[in-house]
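User: I'm new to this one, and I'd like a close look at a single part. Could you pick out the salt bridges and walk me through what surrounds them?

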Amino acid sequence: MLFRSPGMAFGTGGHLSTQLALGLLSEVIRGGEEIYDIGTGSGILAISAAKLGASAVTAVDIDPKALAVARENVRWNRMEERIQVVKGDLLTGLAGVVDLVVANIIAEVIIEMAPQVACALKPGGAFLSSGIIKEKAKWVRESLEAEGFFIEKEVTADDWTAFLARSKSHG
């Protein structure tokens, strides 16, 4: 994968939270999925999802600098046909439902967006969340379960946790 310096955008792939997300992404993508990458940063997860076989990825960020870096990385990796980089605030304004929502953000934002994610997923869809410091993992787990998700997989590395969750009603 080709990447320019992320500059002010998060995401070179070296951070443990990104590595946890990449590991779960490689387990969940089977090919043909439609995905929202929320808080895309440099676009590393969106590009990885497309390279793993996702058919359409909408990479969302609120930061104009991150959007510029993500668009450049998408171009460098020749993924323009499968990845659309858009300015947005979490899932607000995104139309349609997807197979997978990915968010490598922070625990508080994941908790805040969990109700929106539940509505944005197709039946059987999944929510991959990372960027969670270990001390806050219990709160994220409880909020996901309160929104009707079950935790399919939880992975940790040092002080970081990531979850792969599915809706109980669709799993």
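Analyst: Let's start with Lys122 and Asp99, whose side chains meet in a salt bridge at 3.6 Å, N to O. Lys122 sits in strand β5 and Asp99 in strand β4 (residues 98–104), so this pair ties together parts that are 23 residues apart in sequence. By salt bridge I mean a side-chain nitrogen of Lys or Arg within 4 Å of a carboxyl oxygen of Asp or Glu. Strands here are DSSP runs of E with at least two residues, helices are runs of H or I with at least four residues, and both are numbered from the N terminus.

Before going on, a word on the source: this is a predicted model, where local features need pLDDT of at least 70 and side-chain atom pairs count only at pLDDT 80 or more, while totals for chains, interfaces and linings use all residues. Residues are numbered from 1 along each chain as its sequence is written, and side-chain values use heavy atoms, with hydrogens and water left out.

Back to the pair. Lys122 is partly exposed at 24% relative accessibility, and Asp99 is partly exposed with a relative accessible area of 24%. (Buried means under 20% relative accessible area, exposed over 50%, and partly exposed in between, using a 1.4 Å probe and protein chains only.) Glu34 joins in as well: Glu34, Asp99 and Lys122 are linked in a network of salt bridges.

The structure holds 8 salt bridges, so let's visit another one, following the definition above. Arg166 and Glu152 meet through their side chains at 2.5 Å, N to O. That pair links distant parts of the chain, with Arg166 in strand β7 and Glu152 in strand β6, 14 residues apart. Arg166 is buried, with a relative accessible area of 17%, whereas Glu152 counts as partly exposed at 40%.

Strands pair if DSSP finds at least two bridges between them. β6 (residues 149–157) and β7 run antiparallel, joined by 8 bridges, with Ala157 opposite Trp160. Their hairpin has 2 residues between the strands, and Asp158 there takes a positive phi near 50°. β7 also pairs with β5 (residues 121–133), in the antiparallel sense over 6 bridges, and Phe127 stands opposite Ala165 in β7.
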